[in-house]
Amino acid sequence: MSNRPKIKVPLENFDYIIELISITLLVLTWYYVISQYADLPETIASHFNAEGEADGYSGKIVLWLLPGLSTLIYVGLLILTKYPHIHNYMVNITEENALKNYRFSIRMLRIVNFLCVLLFAYIVFKMIEGARDNQSSLGTGFVIIVIAISMLLPIGLIIWNKKLNKS
């Protein structure tokens with residue numbers, strides 16, 4: 001790892017778009033919590049079972065944890081994109097393949113970052129809407145979708161990476 005090339009990977013349109021969407025979602029999540037917080041009941045649903053139904057309740061202050069954690073994850077993964085030479089790779093990194101592998105790794109982090117922000121935004125939205133409507137549920141397909149994406153995304157990324165390194 002110490003002899004890997006340290007190069008700056010230029011951003012492409014996709015990178016700018018996904019970062020813009022992620023930041024927008026993050027800002028909107030914070031705005032939504034700030035704007036709705038005062039009108040919420042003191043106790044809100046804070047834990048959901050496998051069917052997406054509320055099975056645990058907490059004070060509404062716990063709502064601040066979600067955008068805070070989302071922001072922390074976003075910033076941490078954003079910082080990690082600045083150091084692609086320290087990421088793990090399935091191939092030996094050389095001067096010739098560094099750019100394409102670094103770009104792939106950074107793009108993968110951007111996609112994961114976006115999905116994390118989206119997940120937290122959705123949960124915040126459903127928690128607030130549930131507290132306002134007194135019907136707390138994430139939806140029946142929520143857990144299935146999260147598990148499916150968690151399983152399919154790595155498989156897709158591995159296939160994409162293998163194709164990338166064949167050329």
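This is a predicted model: local features need pLDDT of at least 70, side-chain atom pairs count only at pLDDT 80 or more; totals for chains, interfaces and linings use all residues.
A helix axis here is a line fitted to C-alpha atoms over the stretch in contact, and the angle between two axes, which can run from 0 to 180 degrees, is taken between their N-to-C directions.

The chain holds 4 helices and 2 strands, and from the N terminus on its elements run in the order α-β-β-α-α-α. Its C-alpha atoms fill a box of roughly 60 × 30 × 25 Å when this is taken along the principal axes. Of the 167 residues, 38% count as buried. Among the contacts with a separation of 6 or more, 73% are accounted for by residues 24 or more positions apart.

The axes of H1 and H3 come within 9 Å and cross at roughly 20 degrees. Because angles under 35 degrees count as roughly parallel, H1 is roughly parallel to H3. Their crossing is left-handed. On the H1 side the residues that take part include Phe14, Ile18, Ile21, Leu25, Leu26, Tyr32 and Val33, and on the H3 side the residues they meet include Ile111, Phe114, Val117, Leu118, Ala121, Phe125 and Ile128.

Leu25 is found in helix H1, and it counts as buried because its relative accessibility is 18%, while the limit for buried is under 20%. Leaving aside its neighbours within four places in sequence, Leu25 is in contact with Phe114, Val117, Leu118 and Ala121. The C-alpha atoms of Leu25 and Lys126, which lie 101 residues apart along the chain, are separated by 15 Å.

Helix H2 comes next, and its length can be checked against expectation. The buried residues of H2 are Leu66, Pro67, Ser70, Tyr74 and Leu77. Seen down the axis of H2, these buried residues fall within an arc of 100 degrees, so they line one face of the helix. An α-helix has 3.6 residues a turn, so residues three or four places apart point the same way. On the other side of H2, Leu65 and Leu72 are exposed.

Towards H1, the packing angle is about 160 degrees, with the axes of H1 and H2 10 Å apart. Since angles over 145 degrees count as roughly antiparallel, H1 and H2 are therefore roughly antiparallel to each other. The crossing of H1 and H2 is left-handed. In this pair Glu19, Ser22, Ile23, Leu26, Thr29, Trp30 and Val33 of H1 meet Pro67, Gly68, Ser70, Thr71, Tyr74 and Leu78 of H2.

Val75 is found in helix H2, and because its relative accessibility is 39%, Val75 counts as partly exposed. The C-alpha atoms of Val75 and Asn113 are separated by 9.0 Å, although these two residues lie 38 residues apart along the chain.

Terms used. Residues are numbered from 1 along each chain as its sequence is written. Side-chain values use heavy atoms; hydrogens and water are left out. Buried means under 20% relative accessible area, exposed over 50%, partly exposed in between (1.4 Å probe, protein chains only). The arc is that of the directions from the helix axis to the C-beta atoms. Angles under 35 degrees count as roughly parallel, over 145 as roughly antiparallel, 65 to 115 as roughly perpendicular and the rest as oblique. A crossing is left-handed if the near helix is turned anticlockwise from the far one by less than a right angle, and right-handed if clockwise. Contact means heavy atoms within 4.5 Å.
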